[in-house]
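Hello! Please keep the structure open beside you as you read.

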Amino acid sequence: MANAMYRASVINNVRDAKQRFEEAAEVDHPGLRGALREQVVRRLLEPLLPKNLACATNCKIVDARGRQSAETDIVVYDQSCLAPLMLASVVTAVPIESVAYAIEVKSKLTAAELGDAIEKSGRLNELRFVVRRQDLP
């Protein structure tokens, strides 16, 4: 019974998210429309995450050498690892060591959007974890 209830709850949350995602199409400003859709995805994910994980939106992933990712739509990070940098109650930079997932939210998957996501993932691959003291700048 509990599994059926859990499944039904997740299905209802996905349906609600889908409706809100479609409602965002009515917003004529692309940046605002994207931000609304990112919040929809964030609200869908957060209840499913273990307590040590959290979501941040519109932030950069950084490493100890000062390298930065492109702006990332949603970052799922481990709160027990390294704290993100917060300015004005908004997460702005998340250390690569605490990142579990980096998510790009796309309204439509086109060749250009796919290329953008691939380029951003390439920039993530350039970031390095601090493994030893000599890895620090």
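1. What is the order of the five strands in the open sheet? The order is 3-4-1-2-5, and the pairing is mixed. Two strands count as paired if DSSP finds at least two bridges between them. Strand 3 (85-87) and strand 5 (99-103) are the edge strands, each pairing on one side only. From one strand to the next, the twist averages 40 degrees.

2. A word on the basis of these notes: this is a predicted model, where local features need pLDDT of at least 70, side-chain atom pairs count only at pLDDT 80 or more, and totals for chains, interfaces and linings use all residues. Residues are numbered from 1 along each chain as its sequence is written, and side-chain values use heavy atoms, with hydrogens and water left out.

3. The protein chain has three helices and five strands, running α-α-β-β-β-β-β-α from the N terminus. Helices (H or I, at least four residues) and strands (E, at least two) are DSSP runs, numbered from the N terminus. Of the 137 residues, 24% count as buried, meaning under 20% relative accessible area with a 1.4 Å probe, protein chains only.

4. Now to strand 2 (residues 72-78). Seven of its seven residues are buried, so strand 2 is largely enclosed by the rest of the structure. Strand 2 pairs with strand 1 (residues 53-62) in the antiparallel sense over six bridges; Val75 is the bridge partner of Ala56, and Thr72 stands opposite Cys59. With strand 5, strand 2 again pairs in the antiparallel sense, over four bridges, and here Val76 has Tyr101 as its bridge partner.

5. Helix 2 (residues 30-45) packs on the sheet and touches strand 1, strand 2 and strand 5. Contact here means heavy atoms within 4.5 Å. The direction of helix 2 makes about 140 degrees with that of strand 1; axes are lines fitted to C-alpha atoms, for helices over the stretch in contact, and angles run from 0 to 180 degrees between N-to-C directions.

6. Do take a look at Asp73, which sits in strand 2. Leaving aside residues up to four places away in sequence, Asp73 touches several others, including Glu38, Ala56 and Glu104.

Notes
Buried means under 20% relative accessible area, exposed over 50%, partly exposed in between (1.4 Å probe, protein chains only).
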